[in-house]
Amino acid sequence: MASEDVKTSESAVSKIVNLAEEAKLAKEEIKPSKHQVYSICKSLIAGGVAGGLSRTAVAPLERLKILLQVQNPHSIKYNGTVQGLKYIWRTEGFKGLFKGNGTNCARIVPNSAVKFFSYEQASKGILYLYQQQTGNEDAQLTPLLRLGAGACAGIIAMSATYPMDMVRGRITVQTEKSPYQYRGMVHALSTVLREEGFRALYKGWLPSVIGVVPYVGLNFAVYESLKDWLIKSKAFGLVEDNELGVVTRLACGAAAGTVGQTVAYPLDVIRRRMQMVGWSNAASIVTGDGRGKPPLQYTGMVDAFRKTVRHEGFRALYKGLVPNSVKVVPSIAIAFVTYEQVKELLGVEIRISD
């Protein structure tokens, strides 16, 4: 059922974006030119580079966040950001800080590429429909419309790469004491598919989709709105030649990331916990090394919320928030700035005539 929902959601959103883009092209009475094809490729490349670079920069904090989210509450090993990083260094060494990063980059590069590209296309389509509805060809996207475009982009990108995220979560929490070791992303995907079935690859998909709206949507909406406001108002003397500097764009990205991650964080905790359900040879961090009580089993998103709050309290929904807050600000900021810088670099160095 989860996989069918993914296909239905992805298909519906894709049709809306495609129809809007086709309408825009029909209005202009042109066919996609070489320059337009190059613009699409430029967006994909820039998005991929931005995602890979930003996640690698904060990989140790990303791993610690997931460990804090899913560790057995009756066998605590990671008890804070500084202590957790020190524990990983002491027990697993430098490589342990980056465990799962290769799989994360393999996932985040296509995810970010599709997300940024989908946002641009959805923004163009939604703007065209908005201008037609209002009869004002000079109308611009409102924050609410940007939120919709960002949400569409996030759902499409997340659904397309979700199985990779699911196994990335499991690989990330593996330690040397884990009874069974996934040897990599491909081995993990094939093992889950063989032992748990196709639906297991989409465990936690529903809270992920729900979380996409406030997280990705607010990221794009806040970032773009801040940029527009600063350029139009020329506030604080930060605008030169109608352009914002790298530092200013970095600050806009940081603000966008903070807002998005705070609103959506409980859904991320539930998603990670659901991804661990059904893992017969689960990592020791989930099982608690055989000490204390076994990990809780969840039948769905609502059940996961209910049991988490009942057994661990409301604060459990924000486990790992501190390293995530430290991580998400530079991660989102670097992603946005890198994306724009790579696009500008490609635009300067490559020219394609129509």
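Thr 81, Gly 84, Tyr 87, Ile 88, Glu 92, Gly 96 and Leu 97 of helix α4 are buried (under 20% relative accessible area with a 1.4 Å probe, protein chains only; exposed is over 50%, partly exposed in between). Helices are DSSP runs of H or I with at least four residues, numbered from the N terminus. The model is predicted, so local features need pLDDT of at least 70 and side-chain atom pairs pLDDT 80 or more. Residues are numbered from 1 along each chain, and side-chain values use heavy atoms, without hydrogens or water.

Eight aromatic pairs are present. Rings of Phe, Tyr and Trp (its six-membered ring) pair if their centres lie within 6.5 Å; planes under 30 degrees apart are stacked, over 60 edge-to-face, the rest tilted. Tyr 182 and Trp 279 are stacked, because their centres are 5.6 Å apart and their planes at 15°. Tyr 182 lies in the loop between α6 and α7, and Trp 279 in the loop between α9 and α10, so the pair ties together parts 97 residues apart in sequence. Tyr 182 is buried at 7% relative accessible area, and Trp 279 is buried at 8%.

Phe 198 and Tyr 202 form a tilted pair, 5.8 Å centre to centre with 50° between the planes. Phe 198 is partly exposed at 41%, whereas Tyr 202 is buried at 11%. Trp 89, Phe 94 and Phe 98 form one aromatic cluster.

Technical notes. Helices (H or I, at least four residues) and strands (E, at least two) are DSSP runs, numbered from the N terminus.
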